[in-house]
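Trainee: Please take me through the pockets of this protein. I would like a close look at one part.

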Amino acid sequence: MDAFVIVLGLLLGSFFNVVAIRLLKQQSIAFPPSHCPSCKHPLSPQDLIPIISYVLLKGRCRYCQTSISPLYPLGELVTVLSLYTVYKVVGLSFELIPAMLLTSLLVISVLTDIREKLILNVVTFPFIGILVIVRLFIGEGAFWYYLIGGIVGFSLLLLISIASKGGMGGGDIKLYAAIGLVLGPWLTVMSFVLASFVGAIVGIFLLLTGKVNRKQPIPFGPYILIGTLTAYLFGSQLWDWYRSFF
């Protein structure tokens, strides 16, 4: 089962790359088949092996030798690590369904955010609809509990966006509605606190090293992924650890 989840994660990672790139360009995710974005040559099956093909080709197109963005293998690696971690912690239970759906949404959002600093409604809205249906049937709490979580996630980010005069993007706001539907209200708040904490640390490091300037926007999607999965999978343990100091 572990091997199956790893292979599935790698394949989904490759697919999520395609989804992110083509939706950003407002293209079909089905047609045309996978091809080099530079020379347009169709890719053969040996060019499409997640991570391995990138390594064997030394990061270059087989046909035109143009450099391949490292975001491709990075997206595949983030996908397989995220999905596998969720599977190992949640286990084979019905809760794995909303867990895997949310993780997939988070990964796609990260891939669009780091490329164009956008989290797309065309991705988020369908996932919200599916998660509402899933939570009608799956969850330790009542449906209203998760519905409140979605409202809290949306409202929290909306208020922060208003207070910061647009410092939080609309895509982040809607993404947190989906997060709330899976985590419920309390873990959703914890998710945002953790995401902000990690984002602040990384942001300070980038400022001190001169990688970014104060006015340069930084994609928040990666930190949302880290904060959300940490809260979802280990939130209770973190809360108990925090309370042990008082």
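Trainee: Which element gives the largest share of the lining of the second largest pocket?

Mentor: The largest share comes from α9, with eight residues. This is a predicted model, where local features need pLDDT of at least 70 and side-chain atom pairs count only at pLDDT 80 or more, while totals for chains, interfaces and linings use all residues. Residues are numbered from 1 along each chain as its sequence is written, and side-chain values use heavy atoms, with hydrogens and water left out.

Now the terms. A pocket is found on a 1 Å grid over the protein atoms alone: it is an open set of points where a 1.4 Å probe fits, with protein on both sides within 12 Å along at least five of seven lines. Lining residues have an atom within 4 Å of a point. Grid points are joined across faces, edges and corners, and a volume is the space filled by probe spheres set on the points. Helices are DSSP runs (H or I, at least four residues), numbered from the N terminus.

Back to the pocket. The second largest pocket has a volume of about 480 Å³. Its lining has 20 residues. Nearest the centre lie Glu140, Leu183, Leu187, Tyr232 and Ser236. Two or more lining residues come from each of α6 (143-163), α7 (170-183), α8 (185-208) and α9 (221-243). By class, the lining has 13 nonpolar, four polar and three charged residues. Here Ala, Val, Leu, Ile, Met, Phe, Trp, Tyr, Cys and Pro count as nonpolar, Asp, Glu, Lys and Arg as charged, and the others, Gly among them, as polar.
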